[in-house]
Every structure is written in C-alpha cells, then in structure tokens.
Amino acid sequence: MDEETFTTLSVTILCTALIAYMCFIIYKLAKDSKAGRYGTIVLAFVLGFGMFGFIVKTVLTEVLQK
C-alpha cells in the first residue's frame, strides 16, 4: 500500500469516526442540559453545521477535480 492510498483511507475512516463522536457529544450535551426538543434541534443544527461544511467541502473538491 502506498502512502497516498493509506492517507486517503485513514483520513476517510478517522474523519467519519470523529463526526460520529461529535454527534454523540451533541446528543449527550442536549441530554445533560435538558434542552428539550427545540433546544436539541438548535444544538444539532448549530454544532452540526461545521460538520456539514466539512462534508460539503470534501464532496465539492471531488466533483470539481473530475
């Protein structure tokens, strides 16, 4: 396995794991603060917006390179 393949696979796997962990943190934060339905939606939207931006950037980079 060459370095480029290893880097691509590791970044994909580790970023996916990090995003899943951040979703867990958002859920735990909403649960511990007793945010309710509206508060949970606001937390998920605001904190998840950064994750969404990273995913969109990755997809746009792949589309524009082709």
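This is a guided tour of a predicted model, stop by stop. Residues are numbered from 1 along each chain as its sequence is written, and side-chain values use heavy atoms, with hydrogens and water left out. Because the model is predicted, local features need pLDDT of at least 70 and side-chain atom pairs count only at pLDDT 80 or more, while totals for chains, interfaces and linings use all residues.

**The two annotated spans**

Select residues 6-27 and then 39-60, which an unreviewed UniProt entry lists under "transmembrane region"; UniProt positions are given in the numbering used here, feature names are shortened, and annotations may be inferred rather than shown by experiment. Residues 6-27 are 100% helix and 0% strand, with end C-alpha atoms 32 Å apart, and for residues 39-60, also 100% helix and 0% strand, that distance is 31 Å. Helices (H or I, at least four residues) and strands (E, at least two) are DSSP runs, numbered from the N terminus.

Buried means under 20% relative accessible area, exposed over 50%, and partly exposed in between, with a 1.4 Å probe and protein chains only.

**The nonpolar core**

Now select I19, I26, A30, L43 and M51, the 5 residues of the largest nonpolar core. α1 (3-32) and α2 (36-65) each supply at least two residues of this core, and the largest share, 3 residues, comes from α1. Such a core is a set of buried Ala, Val, Leu, Ile, Met, Phe, Trp, Tyr and Cys residues joined through side-chain atoms within 4.5 Å. Centre the view on L43, which touches I26, L29, A30, A35 and G48, not counting residues up to four places away in sequence; contact means heavy atoms within 4.5 Å.

**The cysteines**

Show C15 and C23 together. The count comes to 0 disulfides, a disulfide being a pair of cysteine sulfur atoms within 2.5 Å. The sulfur of C23 is 13 Å from the closest cysteine sulfur, in C15, too far for a bond. C15 is partly exposed at 24% relative accessible area, and C23 is partly exposed at 41%.

**The aromatic cluster**

Finish at F45, F49 and F52, which form one aromatic cluster. Rings of Phe, Tyr and Trp (its six-membered ring) pair if their centres lie within 6.5 Å, planes under 30 degrees apart counting as stacked, over 60 as edge-to-face and the rest as tilted. The count comes to 3 aromatic pairs, including the tilted pair of F45 and F49, at 5.6 Å centre to centre and 45° between the planes.
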